[in-house]
Amino acid sequence: MEESLGTLREGTDRVDRELLILFDQRMALCRQVGAYKARRGLPVLDTAREAAILEARGSQVKDASLSEGAKAFFAELMRISRGLQQQ
């Protein structure tokens with residue numbers, strides 16, 4: 001039996017709520033990273049690390065057809081994270 005659109009949307013809404021909890025946790029950690037870097041005079045941007053993370057996340061997704069989307073998702077997270085670290 002096929003699920004209703006409403007049921008499917010409830011599922012995506014539940015996952016979105018879980019993602020927001022994780023997003024909040026990640027951003028709190030990014031603030032701490034930014035403070036650490038500031039105290040030590042380290043640059044916010046580490047292009048080699050970001051490139052390595054993007055490649056890793058792209059290869060860790062279960063569905064290989066979503067690899068580029070995963071990379072774009074994490075690239076945006078890192079852009080937002082850098083902004084917090086610069087504050």
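What follows is a chat about the predicted model shown above.

Reader: What should I know about the model before I start?
Author: It's a predicted model: local features need pLDDT of at least 70, side-chain atom pairs count only at pLDDT 80 or more, and totals for chains, interfaces and linings use all residues. Residues are numbered from 1 along each chain as its sequence is written, and side-chain values use heavy atoms, with hydrogens and water left out.

Reader: OK, how many helices and strands does the protein have?
Author: There are 3 helices and 0 strands; helices (H or I, at least four residues) and strands (E, at least two) are DSSP runs, numbered from the N terminus. Along the sequence that reads α-α-α.

Reader: And is it compact or spread out?
Author: More spread out than a compact globule, because the radius of gyration is 16 Å, well over the 12 Å that the globule rule gives for 87 residues. That radius is taken over C-alpha atoms, and the rule is 2.2 Å times the number of residues to the power 0.38. The C-alpha atoms fill a box of roughly 60 × 25 × 15 Å along the principal axes.

Reader: How much of it is buried?
Author: Of the 87 residues, 20% count as buried. Buried means under 20% relative accessible area, exposed over 50%, and partly exposed in between (1.4 Å probe, protein chains only).

Reader: Switching to charges: how many salt bridges are there?
Author: The count comes to 5, where a salt bridge is a side-chain nitrogen of Lys or Arg within 4 Å of a carboxyl oxygen of Asp or Glu.

Reader: Which residue does E50 pair with?
Author: R82, at 2.7 Å from N to O. This pair links distant parts of the chain: E50 sits in helix α2 (residues 47-60) and R82 in helix α3 (residues 67-86), 32 residues apart.

Reader: Is E50 buried or exposed?
Author: E50 is buried, with a relative accessible area of 17%.

Reader: What about E68 and K71, how far apart are they in helix α3?
Author: They are 3 residues apart, so about one helical turn separates them. Their side chains meet in a salt bridge at 3.3 Å, N to O. E68 is exposed at 56% relative accessible area, whereas K71 is buried at 17%.

Reader: Which residues are networked with them?
Author: E55 is linked with E68 and K71 in a network of salt bridges.

Reader: Last one: where do E76 and R79 lie?
Author: Both are in helix α3, 3 residues apart, about one turn of the helix. E76 is partly exposed at 35% relative accessible area, and R79 counts as partly exposed at 44%.
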